[in-house]
Amino acid sequence: METEKQEMSREELYHKETHCPSCGRFVGPLTRCPYCQALTEKRLSIRVFKYISVFLSTFGLIGLLFYARNVKTQEIQISQLGPLSNFGHVAVKGTVTESRGLSKWGSLSFNIQQMGQDGTVDVIKVSAYNKIAKEIASLNKIPKNGDIVRVEGQVRAQNDNYSLMINAPHHISIEGRDENTLIAPEQTIPTIIPNVELDAINKDMINNIVKVTGSVVRVINTQYGVNIILDNSTDKGFSVWIPKFAEQNEKSYKQGDLIEAVGIVSEYNDSLQIKINKKDSVKVIKSVSAK
Amino acid sequence: MVELLNAFLSPQNLDLVYFCVIGIIFSCVISFLPALHIYNVIGIFLLVVLKYEASMSLMQLIALCIGMIVGYSILNTVPATYLSPGDESMSYYILPSADWLAKGRGYECVILTGVGALGGIVLLAVLAPLFLVIIPPLKTITGPHMFWIVGAVIAYCLMSEWPKGLSQYKSCWANFWEGWKYLLISLAVFFLAGLLGFIVMAKTLVPVDFAFQSITPVFVGLYAIPWLITNMMNIGEVPEQHEAKSMELDWELVCRGSFGGFLGGFFAAFVPIVTAGIGGLISGHATAQRDSRLFVMSYGTCKTVYYVGSFLLFFIPGLSLTRGGLAAIINPMATTFTIKEYFLFVALMVFAAGLSFILLVPFAKLCNSLVVKVPFQYVSAFALCVTVPAVFAFTGWGGMFIMTVATGLGLMPVLFQARRMNLMGVLLLPVCINMAGYGNVVLKFLGLL
């Protein structure tokens with residue numbers, strides 16, 4: 001049969017495969033002629049792959065389902081997380097440092113921290129939506145500061161921030177208490193460097209908390225927060241970034257306002273900026289509208 | 001306008017043009033091989049860049065991605081046309097591009113698709129300022145309704161499938177089966193793909209370092225490998241191709257094709273999970289397209305608007321609209337964008353589209369002569385030999401398992417005369433159910449939670 005096929009020209013083979021051997025009419029991919037019901041069997045490769053596709057789509061998929069059910073979620077260190085881990089389902093074990101409990105919207109969030117191998121402290125925010133949070137609360141599994149917990153969830157990476165989203169109440173377990181929490185939050189807060197000139201801020205000051213004063217050139221409101229550009233005698237200006245959580249209730253900054261800001265020096269898009277990390281860290285000293 | 005020109009022509013932004021050109025050249029190289037999707041290539045590229053800490057600023061990376069995505073959306077037409085000849089003994093569907101190729105008009109098809117793509121880029125650039133005004137409220141309005149919009153898209157995809165059985169029997173049940181057997185295959189493909197989607201989304205079966213691209217083995221299995229396998233089984237021939245000196249094209253056709261394609265592409269770019277194929281189908285029906293030239297052109301527009309438009313929407317300042325694979329890849333690294341960066345994106349997009357179209361002509365001419373000399377079966381076999389080890393290298397045995405199962409699913413619609421579009425159930429079904437708030441119920445039922 002195969003030899004016969006090889007002897008056929010390509011055109012003949014194509015004709016044979018697409019036409020009914022009995023009535024000679026065009027049948028295309030059909031295996032039974034719709035006009036005379038004669039069987040128009042296709043070449044071996046098509047038949048074999050048809051069986052393979054059905055087998056893989058059914059038994060293969062069931063096998064994959066059972067494999068996925070039994071696969072153990074990988075436990076990782078917070079420091080291992082990066083932009084490439086986004087959407088990964090992982091487990092993290094650490095000490096709860098900032099348990100915020102259930103919010104007024106019913107969601108749950110807390111921070112857990114781990115001591116890295118090089119002595120650094122890595123922190124990740126863990127959260128759960130309303131429905132799951134309520135189930136966690138009903139199981140009395142809302143962690144307190146100092147609890148050692150193991151949480152499983154999906155990694156969410158956005159704007160260089162990482163968080164873990166819990167999808168089921170049994171994905172959190174409290175495994176003990178760490179009375180000597182790795183690092184007390186107070187110890188991590190450095191002292192504020194007062195009255196720093198904007199043009200004196202350099203890369204050596206990254207991660208330091210500074211207090212600056214400047215005139216507002218531009219205000220960019222975004223979904224994540226407010227970016228205030230201060231005049232530093234350059235075209236670009238100097239950015240003071242106020243994330244959503246640190247926004248003041250009264251946030252009417254206008255061009256020309258003189259403001260005082262206390263925040264951490266950080267780098268963004270190859271430029272230095274001051275990142276505000278708590279409310280009421282930006283004050284309007286002199287408002288344009290007050291004139 | 002002056003500000004935009006200043007920004008674009010500023011020497012400090014010239015590096016972005018350089019990275020954009022690199023991206024276009026890169027997309028041209030990968031377009032030689034069928035089955036390599038740009039999202040997967042960018043994913044692997046990022047993995048390498050971040051692993052070796054290559055110094056590249058965020059905007060440089062974005063410029064590179066713009067070059068890649070625009071270049072790919074235009075240049076990918078070449079392998080999609082020349083390396084997909086129709087075989088009526090195997091497939092029920094012969095796309096117009098395969099039909100044109102069989103008539104020696106592959107070059108014409110490629111250029112016409114390219115014209116459509118350019119039309120799409122022009123529309124995106126013209127409407128870019130308007131997007132800043134209309135997209136934010138549109139997102140707010142449609143946000144709470146997105147699950148049923150996606151549900152309606154699913155219903156449309158399933159219900160627009162039609163019975164293909166032609167035989168008539170005396171028995172009522174035999175006729176019933178003849179009418180329904182192909183529809184049932186479509187439904188089976190859709191729901192089995194949906195089940196695969198639930199599994200892959202619930203568990204990370206690939207290394208955590210590659211979790212951001214855990215969907216790669218799924219798509220390679222669903223689309224790339226079945227394409228290569230069916231190409232290797234294909235007994236169709238690619239005849240001598242004619243290098244047309246002129247095109248049968250008028251402004252009415254350009255406008256109709258671009259408009260229809262833009263509607264579909266924009267819908268796909270805005271609604272989550274909907275792809276260019278689905279958007280194109282819906283807009284094709286909505287604008288009652290009949291002419292095959294119109295189909296080919298609007299396909300080019302739709303594809304480009306989907307790929308580039310979804311990435312463009314990501315740059316609307318303060319909106320955080322993550323649509324399409326590329327925006328999802330860049331999202332963890334990206335921060336808030338400004339108006340200047342948005343328009344810089346538009347400028348780079350127009351530049352990349354122009355350069356890609358200029359490259360398209362010699363690229364198509366080269367393939368015009370190569371395709372009759374090098375059998376497409378060999379090219380497909382080579383691509384298969386590259387793709388499978390690459391997936392194994394990055395995703396390990398877990399990824400291989402997923403890819404193998406997905407390959408079986410991907411072969412089903414081709415070999416059993418259903419539409420490949422049903423394979424999008426892999427994302428449509430889980431995402432729609434998750435948006436409706438029942439994702440965990442399904443996962444619990446499947447024992448995946």
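**Figure 1. A buried ion pair between two chains.** In this predicted model, A:Arg43 and B:Asp87 are both buried. The two residues form a salt bridge, with their closest N and O atoms 2.8 Å apart. The pair joins two chains, because A:Arg43 lies in the loop between α2 and α3 of chain A, whereas B:Asp87 lies in the loop between α5 (77-82) and α6 (96-102) of chain B. The relative accessibility of A:Arg43 is 6%, so this arginine falls under the 20% limit for a buried residue.

Figure 2. A:Glu17 is buried, with a relative accessible area of 3%. Together, A:Glu17, A:Arg43 and B:Asp87 are linked in a network of salt bridges. The count of salt bridges over all chains is 15.

**Figure 3. A partly exposed salt bridge in chain A.** A:Arg100 and A:Glu98 form a salt bridge whose closest N and O atoms are 3.1 Å apart. A:Arg100 has a relative accessible area of 38% and is partly exposed. A:Glu98 is likewise partly exposed, at 41% relative accessibility.

**Figure 4. Chain A as a whole, for orientation.** Chain A contains five helices and 13 strands. Of the 291 residues in chain A, 44% are buried. The accessible surface of this chain comes to about 16200 Å², and carbon and sulfur atoms account for 52% of that area. Among contacts in chain A between residues at least 6 apart in sequence, 52% join residues at least 24 apart.

**Figure 5. The largest nonpolar core and B:Ile135.** The largest nonpolar core has 157 residues. Those with the most contacts inside this core are B:Val70, B:Phe131, B:Ile135, B:Leu196, B:Phe311, B:Ile330 and B:Met349.

**Figure 6. The surroundings of B:Arg293.** B:Arg293 is found in helix α13 (residues 292-313) of chain B. This arginine is buried, with a relative accessible area of 16%. Not counting residues up to four places away in sequence, B:Arg293 touches B:Trp100, B:Leu112, B:Glu248, B:Leu249 and B:Leu253.

**Figure 7. Cysteines of chain B without disulfides.** A search of the whole structure finds zero disulfides over all chains. The sulfur of B:Cys255 has its closest cysteine sulfur in B:Cys302, 17 Å away; a disulfide needs the two sulfur atoms to lie within 2.5 Å, so this separation is too far for a bond. B:Cys302 is in no disulfide either, and its nearest cysteine sulfur, that of B:Cys157, is 12 Å away.

Key:
Residues numbered from 1 in each chain as written. Chains lettered and ligands numbered in written order. Predicted model: local features only at pLDDT ≥ 70, side-chain atom pairs only at ≥ 80, totals over all residues. Heavy atoms only, no water. Helix = DSSP H or I, 4+ residues; strand = E, 2+ residues; numbered from the N terminus. Buried < 20%, exposed > 50% of the residue type's maximum accessible area, 1.4 Å probe, protein only. Contact = heavy atoms within 4.5 Å. Areas by Shrake-Rupley, 256 points an atom, 1.4 Å probe, with all protein chains shown as cover. Core = buried A, V, L, I, M, F, W, Y, C linked by side-chain atoms within 4.5 Å. Salt bridge = Lys/Arg side-chain N within 4 Å of Asp/Glu carboxyl O.
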